[in-house]
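Please read them alongside the model.

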Amino acid sequence: MFKKMQNIETAFQHVRSFTIILTIGYFIAIGYIEYQNSALVQTIQSRLYILYNGKVLEAIATDRKDNIAVEARDHVKSFHEYFFTLAPDDKVIQANLNKALYLADESAKKEYDNLSESGYYANIIAGNISQQLQVDSVTVDLCSYPYHFRCYSTQNIIRSTSTVTRSLVTEGELRNVARSDNNPHGFLIQRWETLENKDLKVVNR
């Protein structure tokens, strides 16, 4: 009788151990499945499909931190191209400057006001002058916020009698703002100033 009770007790212990192991295994399996499902959902959500001209194109959505350097440089580049690329046409000048001023704060507006008051834009129209800007490079320091940048550009001022090539170097800071149609990168340039603006060469036409 005693031996029989021992066998029952041993069998009960085996069953209990097996049940505990099975339960632990069950929870591990559930956790693994949930992890895999979460990773799969995140992968699916990061894929965007765009219909363009009857074709389905796949795009990958990424966190902003993955592209922040590229977006920051492009924001600075776009601002300078809008601000300094001018034509002898008041509507073109205003259109470009309006786009530029959405990308910067009052430091750019102050520079625009100074140029306007000095007759700079009126002289461009009166003299049939075209002004083109090529951004050579943009450096952005992402180690501290707001992000400091420096922009190196080459400016061509085309007159009927000559073409002047100038070196333009500016610097400022970038701070985060809400994205919009007028500011797709979600940055705003502040404390913008010109460090260098000098003639490199003059070519007579």
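1. The side chains of Glu171 and His148 make a polar contact at 3.1 Å (N or O atoms within 3.5 Å; within protein, one must be able to donate a hydrogen and the other to accept it, and residues adjacent in sequence count only if both atoms are side-chain atoms). Glu171 lies in strand β5, residues 162-176 (strands are DSSP runs of E with at least two residues, numbered from the N terminus). With 14% relative accessibility, Glu171 counts as buried (buried is under 20% relative accessible area, exposed over 50%, partly exposed in between, with a 1.4 Å probe and protein chains only). Leaving aside residues up to four places away in sequence, Glu171 touches His148, Phe149, Arg150, Arg191, Trp192, Glu193 and Leu195 (heavy atoms within 4.5 Å).

2. On the basis of the note: this is a predicted model, in which local features need pLDDT of at least 70 and side-chain atom pairs count only at pLDDT 80 or more, while totals for chains, interfaces and linings use all residues. Residues are numbered from 1 along each chain as its sequence is written, and side-chain values use heavy atoms, with hydrogens and water left out.

3. Strand β5 belongs to an open sheet of 4 strands in the order β3-β4-β5-β6, with antiparallel pairing (two strands pair if DSSP finds at least two bridges between them). Its edge strands, each pairing on one side only, are β3 (130-141) and β6 (187-204). On average, neighbouring strands of this sheet are turned by 15 degrees against each other, direction ignored (axes are lines fitted to C-alpha atoms).

4. Strand β3 pairs with β4 (residues 147-158) in the antiparallel sense over 11 bridges. Opposite Val138 stands Cys151 in β4. Cys151 is buried at 0% relative accessibility, whereas Cys143 is exposed at 78%. The structure holds 0 disulfides (cysteine sulfur atoms within 2.5 Å).

5. The count of aromatic pairs comes to 9 (rings of Phe, Tyr and Trp, the last by its six-membered ring, with centres within 6.5 Å; planes under 30 degrees apart are stacked, over 60 edge-to-face, the rest tilted). One of them is the edge-to-face pair of Tyr120 and Tyr121, 5.6 Å centre to centre with 85 degrees between the planes. Tyr120 is partly exposed at 27%, and Tyr121 is buried at 8%. Tyr145 and Tyr147 are likewise edge-to-face, at 5.2 Å and 80 degrees. Here Tyr145 is partly exposed at 47% and Tyr147 is buried at 12%.

6. Ring pairs also link Phe79, Phe83, Phe84 and Trp192 into a cluster. Trp192 is among the residues that Glu171 touches.

How values were computed: Axes fitted to C-alpha atoms, helices over the stretch in contact; angles between N-to-C directions.
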